[in-house]
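Student: I'd like to learn how to read a protein model, one feature after another. Can we go through one together?

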Amino acid sequence: MKIVIAPDSFKGSLTAQEAADAIEEGIRKILPDAELVKVPMADGGEGTVRSLVDATGGQIVTAEVTDPLGRPAEAAYGLLGDGSTAVIEMAAASGIQFVDAQTRNPLITTTYGTGQLVKDALDHGVKEIIVGLGGSATNDGGAGMAQALGVQLLDINGDELPYGGEALLKLDKVDCSQLDPRLEQVRIRLASDVTNPLTGLRGASAVFGPQKGATPAMVEKLDEALIHYAKVIESQLGRDVRDVPGAGAAGGLGAGFLAFTDASMQPGVQIVVEATHLKELAAGAALCITGEGGIDYQTQFGKTPMGTAQAVKEVTPDCTVVAIAGNVGQGINQLYGLGIDAIFGIMPGVATMQDAIAGAGVNLSRTAENVARLVVKARCGMTS
């Protein structure tokens with residue numbers, strides 16, 4: 001019997017690899033001879049680098065970068081097992097974890113460090129770069145990222161713009177003559193389930209700015225700056241990035257990549273499915289167990305369990321897909337007609353958050369064991 005084990009991380013407690021190991025432990029107690037295929041998964045958000053590195057036998061690389069406030073920092077990204085693909089979470093260099101209630105200020109924060117990670121990946125000779133968009137402390141439209149890669153963003157006096165989204169109000173000229181030429185030889189894929197445009201009521205500033213510390217007045221100024229930024233890009237580079245779905249991801253970093261590189265944007269879980277070769281590995285499977293920390297009606301919108309289920313069903317329609325979660329929320333009935341056949345929560349009873357996190361591995365293993373018991377019972381019933 002072939003069983004695919006393809007969970008996301010259980011945020012705060014287990015990496016995707018650790019979750020897969022716990023599920024395997026539970027299944028082995030009941031089905032010791034089953035063919036188990038473990039594929040750590042992610043959806044482009046936090047944990048994507050670790051999942052893809054684990055799934056492909058890759059390695060973690062660290063680099064010196066500039067954090068969102070312009071300070072020196074160290075950030076990590078992944079080189080996958082194929083030796084030619086890098087996977088970067090922009091939050092590793094430009095994420096909200098670098099600021100606090102006193103220092104967060106999207107008027108001045110920069111994605112320069114993300115550009116430095118891209119440059120470091122190019123130094124490693126990669127041919128493809130996957131960038132996870134999310135968790136940013138920035139609202140600079142990817143301007144800092146572009147500057148790190150050689151783009152000059154100049155004011156009317158020919159001076160380089162300082163860091164931050166507010167500075168874009170003074171943008172007069174975009175000079176790409178020093179843009180790293182290696183970018184022309186590299187495929188860049190942007191992983192995000194955000195479809196917001198760059199500007200407007202659903203844009204980067206209005207929707208995501210407040211959680212990064214933007215007041216209503218700051219939101220207005222930042223949106224004005226990004227509108228101006230987009231107009232200059234269109235007039236000087238011939239690329240209209242303002243209303244592209246996903247351009248507003250990570251404070252407009254999506255727009256920056258689309259403006260200055262030939263990047264394409266895809267749902268994060270779709271990219272991970274391709275990078276891990278999940279479909280090929282799932283061929284002929286009788287059972288797939290996926291899951292993550294929480295499952296509810298939002299799972300259908302590009303989250304790992306749904307993307308995994310649909311990918312597996314595409315190649316093996318008769319495969320039973322079971323999702324396991326730390327917390328099962330509202331609206332899960334909507335998921336049953338979309339690829340997931342059954343959903344189980346792992347909590348044995350009421351517990352504090354601390355105890356739930358500490359016991360995640362044991363609880364996940366026990367739940368997987370019970371799923372295996374059910375499978376064995378069902379198979380016996382069908383053959384009797």
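Student: Let's start with Asp 180: with which residue does Asp 180 form a salt bridge?

Tutor: A salt bridge is a side-chain nitrogen of Lys or Arg within 4 Å of a carboxyl oxygen of Asp or Glu. Here Asp 180 pairs with Arg 182, and their closest N and O atoms are 2.8 Å apart. Before we go on, keep in mind that this is a predicted model, where local features need pLDDT of at least 70, side-chain atom pairs count only at pLDDT 80 or more, and totals for chains, interfaces and linings use all residues. Residues are numbered from 1 along each chain as its sequence is written, and side-chain values use heavy atoms, with hydrogens and water left out.

Student: Is Asp 180 buried or exposed?

Tutor: Buried means under 20% relative accessible area, exposed means over 50%, and partly exposed is in between (1.4 Å probe, protein chains only). Asp 180 has 7% relative accessibility, so it counts as buried.

Student: How many salt bridges does the structure hold?

Tutor: There are 17 salt bridges. In one of them, Glu 24 meets Lys 38 at 2.8 Å, N to O. That pair links distant parts of the chain, with Glu 24 in helix H1 and Lys 38 in strand E2 (residues 35-38), 14 residues apart. As for those labels, helices (H or I, at least four residues) and strands (E, at least two) are DSSP runs, numbered from the N terminus. Lys 38 is partly exposed, because its relative accessibility is 31%.

Student: Where do Arg 187 and Glu 128 sit in the chain?

Tutor: First, their side chains meet in a salt bridge at 3.8 Å, N to O. This pair too links distant parts of the chain: Arg 187 belongs to strand E9 (residues 187-191) and Glu 128 to strand E6 (residues 128-132), 59 residues apart. Glu 128 is buried, because its relative accessibility is 15%. Arg 187, with a relative accessible area of 45%, is therefore partly exposed.

Student: What about a charged residue that has no salt bridge? Where is Asp 8 found?

Tutor: Asp 8 is in the loop between strand E1 (2-7) and helix H1 (16-30). For charges, Lys and Arg count as positive and Asp and Glu as negative, while His and the chain ends are not counted. Asp 8 is buried yet has no salt bridge, and the nearest side chain of opposite charge, Lys 11, is 7.7 Å away.

Student: Which side chain makes a polar contact of 2.7 Å with the side chain of Asp 8?

Tutor: A polar contact is a pair of N or O atoms within 3.5 Å; within protein, one must be able to donate a hydrogen and the other to accept it, and residues adjacent in sequence count only if both atoms are side-chain atoms. The 2.7 Å partner is Thr 304. Another polar contact, of 3.4 Å, joins the side chains of Asp 8 and Ser 9. Contact in general means heavy atoms within 4.5 Å. Not counting residues up to four places away in sequence, Asp 8 touches several residues, including Ala 16, Met 41, Asp 43 and Glu 292.

Student: How do I check the span of helix H4?

Tutor: The expected span of a helix is 1.5 Å times one less than its number of residues. H4 (residues 112-123) has 12 residues, so it should span 16 Å, and its end C-alpha atoms are 17 Å apart, which agrees. The buried residues of H4 include Leu 117, Val 118 and Leu 122. After H4 comes Gly 125, whose phi is positive, near 75 degrees.
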